[in-house]
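Open the model in your viewer and keep the selection tool ready. The tour has two stops.

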Amino acid sequence: MQSMHLPVSLFNTLTRGMEPVRPGEDGQVRIYNCGPTVYNFVHIGNLRTFLFQDLLRRTLVASGHPVRFCMNLTDVEDKIIRDSQKDLPESATNVERHGAMKALTERFTALFLEDLDALRILRPDVMPKATDHIPHMIALIQKLEAKGLAYAREGSVYCRIAGLPQYGCLAHLDREGMRAGTSVDSDEYERDTVNDFVLWKAAKAGEPTWESPWGPGRPGWHIECSAMGIEHLGERVEIHTGGVDLIFPHHENEIAQSEGALGHPWVASWVHGEFLMVEGEKMSKSLGNFFTLRDLHEKGVDPIAFRFAIQSNHYRKLYNFSFEGLKGAENALKRIRAFRRRMEGEGEAGGGAWKEALQPLPRIEEARHTFWKAMGDDLNTPEALAALFTLITDLNAQDDRIALSREERDAALAFLDETNAIFAAWPTEVGSADGEVEALLAARKAAKAAKDWAEADRIRDQIKALGIVIEDRKDGTTVWHRG
Ligand code: AMP
Ligand code: ZN
């Protein structure tokens, strides 16, 4: 099998059109993903967005692009402060306040990482924390101030949207309706209250603070992502993602801050995933209609069935979550895994010649082509999976009558490995270390694609240390088993 190098096109919220992904000058695709606010368990709605980001990353890597994948952790923000400070006495020192905030965010960061692993979401290349980037945020705000794009008032600093002609470009806001000059202190607000938004918040009683040129305070939420994105991915970023609720104001404000400071466009493609819904409403903490991955686990749901249920739906379509709906995903997975076992074994001579016999090798190639073409077309997983299921039906029918040869079985297995690099749901061998091995294999593949041979060798040794034997096949795929 030839390796696939198909172009990938994505729907760009900025232009409201489909556009091919264009790597940067160094050939890399840099992706910044808004990560979780770590003050509680993430719910499965949040996880839908993280699964979409994983799908995007894996598809780009599989199509031959070296990817640098950054996901931040929001570890200072209004809700974090509210929950972490509530049991502290009024007399608590700043050090104690920071300590309480850190204890809360570290606890939920560890639990978030467990969820990522359980869902086989590959760990980011970089996972910056907002609290490690306060100097970067201050420097960025100072740049905006120097350009007249930010102003201080009573110890807080606001972004002057009147100075930014592009403000509103992402959310397609009507500039006439903007109330420039009035300012808003909260991080989250509706699009009919477009105001100068807060970059730095003056200290309030009962909150942890940092020193700044404007006095003690803390960053606004939006500046966190601009500072971390520019620091870890640079002044030109190919893709920025998040859920659709982040388009306004969060991403609109990121554009304002980053482009205001840099003086040129920052992100080429803004890609947004749709909501996970329950009974017609967005799943959210504030509505109280949420499940965590642990809730699913308690109800006996395999996390990988949830992964597959999410990924077999298109990322830009609403997904209505129900336990009933997960059963369909479980059955589909059973079908693929049973086919895998069948191909791993040797076929029995069947019922002789069959008049509708097909040619398995070209048929597999055809399915493979359709699969990757659909994936490259805005991650069209429903269509890609339809190609896989049709192939399974056809090959099973053929194998019932005329046993497929070893070569044909191996070609089918190679295709399953290739598709599993995206879906991570039908590995060669099911075991607890699967997620880790696959993550390492994907990292090694990315290192090789980036021609970073030292890193690729280091990862190979790491895989070996786990007692895993890997075999690079001629067709570019890699298979593994326990040694
Ligand atoms: P947060 O921790 O609230 O910042 O959210 C983390 C990510 O989850 C963001 O990208 C949100 O857009 C996304 N998100 C929140 N609720 C949902 C939902 N019901 N369905 C899909 N994504 C969501
Ligand atoms: Zn963000």
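A polar contact here is a pair of N or O atoms within 3.5 Å; within protein, one must be able to donate a hydrogen and the other to accept it, and residues adjacent in sequence count only if both atoms are side-chain atoms. This is a predicted model: local features need pLDDT of at least 70, side-chain atom pairs count only at pLDDT 80 or more, and totals for chains, interfaces and linings use all residues. Residues are numbered from 1 along each chain as its sequence is written, chains are lettered from A and ligands numbered from 1 in the order in which they are written, and side-chain values use heavy atoms, with hydrogens and water left out.

**Stop one: ligand 1**

Select ligand 1, then M283. A polar backbone atom of M283 is 2.8 Å from a nitrogen atom of the ligand. Now D245, where a polar side-chain atom lies 2.4 Å from an oxygen atom of ligand 1.

**Stop two: the zinc ion**

Select ligand 2, the zinc ion. Its protein donors (N, O and S atoms within 2.8 Å of the metal, or 3.2 Å for Na, K and Ca; water is not among the atoms, so sites may look incomplete) are C34 (SG), C225 (SG) and H250 (NE2), lying 2.1 to 2.2 Å from it. Their spacing in sequence is C-x190-C-x24-H. Colour the helices (DSSP runs of H or I, at least four residues, numbered from the N terminus). C225 lies in α5 (residues 221–233) and H250 in α6 (residues 247–262), so this pair ties together parts 25 residues apart in sequence.

Methods. Helix = DSSP H or I, 4+ residues; strand = E, 2+ residues; numbered from the N terminus.
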